Amino acid sequence: MSGQENCVRMTRLAAKRAAQTEIQQPITKKRTVLGEISSNCVNGVVSGKNKKFRVEPGKLDGGVKKRGKKAVKKVVIDGKSGSVFDFDGELGDPQMCAAYASDIYEYLRNMEAETKRRPLSNYIEKVQKDVTVNMRAILVDWLVEVAVEYKLLSDTLYLTISYIDRYLSVNVLNRQKLQLLGVSSMLIAAKYEEINPPHVDDFCYITDNTYTKEEVVKMEADVLKSLKFEMGNPTVKTFLRKYNSVAQETQKMPSLKLQFLGYYLAELSLLDYECIKFLPSLVAASVIFLARFTIDSKVHPWSSALQLYSGYKPSDLKDCVLIIQDLQSGKRASSLKAVREKYMQHEFKNVSELTSLEIPDSFFADIKEC
């Protein structure tokens with residue numbers, strides 16, 4: 001074999017070895033462990049004791065897309081329904097749901113009004129014999145503490161209160177079992193919303209073992225039967241996400257103070273029995289109205305965009321806004337501290353310390369649609 005042939009043969013062997021090495025060489029990618037992903041966003045992606053990553057279901061919040069140094073945000077008015085949807089032009093982003101946001105919103109509005117998902121507005125007077133308005137408020141206040149203790153999502157808290165009110169609308173309950181109903185309802189809501197929900201033993205422990213594991217499980221079954229397993233209904237938080245996005249349509253950067261203040265006022269509304277008579281979407285709209293007025297009392301707190309999107313005029317919101325304002329000022333439920341202390345923290349920008357002035361009647365006058 002000549003030297004030239006030998007050289008060619010060696011070159012082929014080297015190329016073959018290189019090709020085999022390339023095939024066998026594993027493609028190295030950085031592996032992201034879900035338990036390591038965290039967020040500082042309130043009610044965002046953190047859930048459970050191990051802080052697992054979570055994409056919130058039903059989240060339709062429109063986003064702000066950064067292009068260079070500018071933030072571009074577009075508001076679109078749906079021609080059929082007259083609804084307003086914020087969307088950044090990227091129909092391919094599933095998080096934006098821009099292509100079918102109007103259909104989803106219409107579906108949620110229809111769902112919230114269904115009789116089977118609504119509690120009686122006067123169930124304490126009409127159904128209950130041993131449970132009072134004050135007892136309900138104390139239970140809700142305590143459940144806020146439990147949700148904070150176990151780092152539960154606010155969606156879990158809202159569903160819990162919804163289950164309690166719906167159950168008490170059709171079942172007479174002894175006051176000794178009211179706390180049992182509370183923890184069992186939160187157990188169901190946590191299983192529905194959380195990635196790592198607390199165990200039954202955790203809820204027994206949080207009640208100082210007032211109830212046994214068997215009692216909690218039995219009440220859980222009773223609640224599920226009473227709800228006919230219809231557990232996924234829209235809450236105030238469902239609509240608050242979207243309204244907050246529309247309310248900040250003209251701002252270059254999202255206002256965390258407005259967002260946290262909205263969360264605070266919405267959770268205050270859970271304490272008041274009178275708020276049950278309002279649809280969740282109306283309560284959410286009232287919360288945005290009062291939050292904007294609290295931050296800047298000189299500017300009209302409602303806008304044509306909010307009116308078009310929500311379907312509510314300022315006059316529709318007046319009764320609910322005034323109730324929530326009384327809660328904010330301490331004229332109602334002043335002895336219940338859990339929500340106030342929760343939002344007194346620096347991470348929530350101390351929004352529970354904010355107060356609002358008397359709202360002029362002119363702000364409740366209807367806005368002419370543009």
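Entry 1, terms and model. I call a residue buried under 20% relative accessible area, exposed over 50% and partly exposed in between, with a 1.4 Å probe and protein chains only. The model is predicted, so I kept local features to pLDDT of at least 70 and side-chain atom pairs to pLDDT 80 or more, while totals for chains, interfaces and linings use all residues. Residues are numbered from 1 along each chain as its sequence is written, and side-chain values use heavy atoms, with hydrogens and water left out.

I looked up Lys 151 and found a positive phi of about 55 degrees, although the residue is not a glycine. Lys 151 is in the loop between helix H4 (133–149) and helix H5 (154–168). Its relative accessibility is 49%, so Lys 151 counts as partly exposed. I then looked up Asp 208, a residue other than glycine with a positive phi near 60 degrees. Asp 208 sits in the loop between helix H7 (200–206) and helix H8 (213–227). Asp 208 counts as exposed because its relative accessibility is 67%.

I noted 14 helices and 6 strands in the protein chain; helices (H or I, at least four residues) and strands (E, at least two) are DSSP runs, numbered from the N terminus. Of the 370 residues in the chain, 47% are buried. Contact here means heavy atoms within 4.5 Å. Among contacts with a separation of 6 or more, 74% are between residues 24 or more positions apart.

I noted 12 aromatic pairs in the structure. Rings of Phe, Tyr and Trp (its six-membered ring) pair if their centres lie within 6.5 Å; planes under 30 degrees apart are stacked, over 60 edge-to-face, and the rest tilted. Tyr 105 and Phe 239 form an edge-to-face pair, 6.1 Å centre to centre with 85 degrees between the planes. Tyr 105 is in helix H2 (residues 101–112) and Phe 239 in helix H9 (residues 236–247), so the pair links parts of the chain 134 residues apart. Both Tyr 105 and Phe 239 are buried. Phe 293 and Phe 363 also pair edge-to-face, at 6.0 Å centre to centre and 80 degrees between the planes. Phe 293 lies in helix H11 (residues 280–295) and Phe 363 in the segment after helix H14 (338–342), so this pair ties together parts 70 residues apart in sequence. Phe 293 and Phe 363 are buried as well. Ring pairs also link Tyr 105, Phe 239, Tyr 243 and Tyr 309 into a cluster.

A nonpolar core is a set of buried Ala, Val, Leu, Ile, Met, Phe, Trp, Tyr and Cys residues joined through side-chain atoms within 4.5 Å. The largest one has 93 residues, and Leu 181, Tyr 243 and Leu 265 have the most contacts inside it. I listed the contacts of Leu 181, leaving aside neighbours within four places in sequence: Ile 164, Tyr 167, Leu 168, Leu 173, Met 219 and Val 223.

After H13 comes Gly 330, with a positive phi near 95 degrees.
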